[in-house]
Amino acid sequence: MSDFDRALKIGRPPTVEKLFPNSKALLVSGRYIDRAMRKKGGAMTIAANGRSHLVIRGVLAAAQRADAAIIIEIAKSEGGANAYCPTSLWNMARQVDAVMNELGVTVPVAIHTDHYAIKTQADLEAGKVEIPSIFDAGVTSIAIDASHQPDDENLLANIAINPYIPEWAGLETEVGEIKGTEGLSSPEEALFLIQGLNAHNIHADWIALNNGTTHGIEASGSGINVELTEEIHKALEPYKVSGAQHGTSGNDSDRLRAIAEKTATTKANVATALQLLSWGMEVNEFGNAVMDENGDLIKIKGEGLGEELWAEMKAYADEKGIKGSNFKKLNLPFENKILGQAREIRERMTKRVEEFTYTLLTEVFNAGGTGSLCVQDILETGSYNPGPKAEVVEDKAEWTEEKIRAKAALICSDKGPEGDFDE
């Protein structure tokens with residue numbers, strides 16, 4: 001029996017085994033993806049936002065070429081109950097599994113729910129029902145995002161929802177909304193969240209920060225604050241938590257290489273760049289949109305979408321007042337028309353995503369070869385659950401609700417402006 005077949009036999013979580021009993025797709029816990037990057041060192045992998053089927057195909061083809069363990073994800077706002085993308089929290093694993101079997105993809109892949117927002121008590125109660133349902137549908141990793149709330153409420157929400165997440169699953173937490181240069185995260189805030197979770201025997205694989213980026217099309221050019229990220233990750237070293245980098249679109253390759261080399265980041269979310277590439281938009285070398293004098297996207301003739309379909313999509317956007325980053329809301333109404341195009345158009349859309357992703361994985365993120373490392377880790381562990389990286393070092397008695405609120409009151413922080421900063 002080959003190493004891959006042995007890993008397939010033991011590495012898939014029970015929910016995945018139940019859903020896909022005859023599959024040859026190695027869908028694994030997000031924990032394994034993180035550990036593969038840490039094992040290689042100075043490496044992070046793509047967490048590709050699978051807003052559309054053709055993007056998913058392109059990313060998976062690139063991962064196989066690069067022998068890179070990767071993550072496919074969709075945010076709650078994009079693929080949840082009020083979805084504006086055709087890929088949902090309940091069909092994403094099915095799409096990925098089908099494509100992996102079709103294309104013969106053998107690298108390990110995690111299925112990640114990004115930005116599972118908990119903004120209110122009602123969100124928390126709904127999550128107790130909904131979160132188990134998405135794991136039943138093949139999700140293997142989740143980001144709990146209560147960063148919209150004050151520090152104490154953020155921590156308490158993470159603690160309250162944790163019993164509803166499988167203990168084998170990859171886990172991301174977030175401090176500070178992703179809102180550009182305002183409301184930057186601090187080591188104090190990050191430590192408060194991670195220490196409080198540790199006291200309750202909750203060990204996040206990743207923490208997401210507001211370290212200077214935005215979701216969507218990068219307009220400011222300031223991008224990731226590498227030094228701040230490095231400082232926060234160093235403060236968190238005793239807790240062995242890795243970094244999740246949001247808002248990579250618009251950051252140049254040197255800055256992304258610096259994040260991989262100088263920080264503990266192992267997961268880099270890429271969304272807008274993949275969407276624009278598949279559509280055939282003009283982008284710069286790091287995937288950010290090139291705009292015309294009217295602030296509109298520039299379509300390259302003969303690349304991506306067919307010209308007639310793009311004209312229809314653009315007319316729809318103009319009618320609805322959709323511009324800039326909100327072009328992502330064209331995914332749901334136009335997915336079937338996109339899939340109904342001629343094969344050569346679909347294939348060129350997929351290929352453009354594949355080439356960009358392959359370059360990211362091999363020349364920028366340093367993720368090449370991590371697929372094999374991940375398989376070896378599964379074999380050495382002998383289980384679908386590698387367990388947490390860290391041990392409990394904090395005293396739970398010091399992190400009761402009363403003490404959490406008292407500690408939070410002493411934190412000096414600037415959360416930045418109010419607004420809608422969802423992915």
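Glu 102 is exposed in this predicted model, its relative accessible area being 52%. Its salt-bridge partner is Arg 57, with 2.9 Å between N and O. The pair joins two helices: Arg 57 belongs to α4 (residues 53-66) and Glu 102 to α6 (residues 92-103), so the contact ties together parts that lie 45 residues apart in sequence. The accessibility of the two partners is worth a look. While Glu 102 is exposed, Arg 57 counts as buried, at 18% relative accessibility, because the cut-off for burial is under 20%.

Two further salt bridges sit within single helices. In helix α15 (residues 343-364), Lys 351 and Glu 355 are four residues apart, which means a separation of about one helical turn. Their closest N and O atoms are 3.4 Å apart. Lys 351 is partly exposed, with a relative accessible area of 40%, and Glu 355 is likewise partly exposed, at 33%.

Helix α17 (residues 401-409) holds Glu 401 and Arg 405, again four residues apart and so separated by about one helical turn. Here the side chains meet in a salt bridge with an N to O distance of 3.0 Å. Glu 401 counts as partly exposed at 46% relative accessibility, and Arg 405 is partly exposed at 30%.

Salt bridges also link residues into a network, whose members are Arg 31, Asp 34, Arg 35, Asp 205 and Lys 389. For the model as a whole, the count comes to 29 salt bridges.

Methods:
Residues numbered from 1 in each chain as written. Predicted model: local features only at pLDDT ≥ 70, side-chain atom pairs only at ≥ 80, totals over all residues. Heavy atoms only, no water. Salt bridge = Lys/Arg side-chain N within 4 Å of Asp/Glu carboxyl O. Buried < 20%, exposed > 50% of the residue type's maximum accessible area, 1.4 Å probe, protein only.
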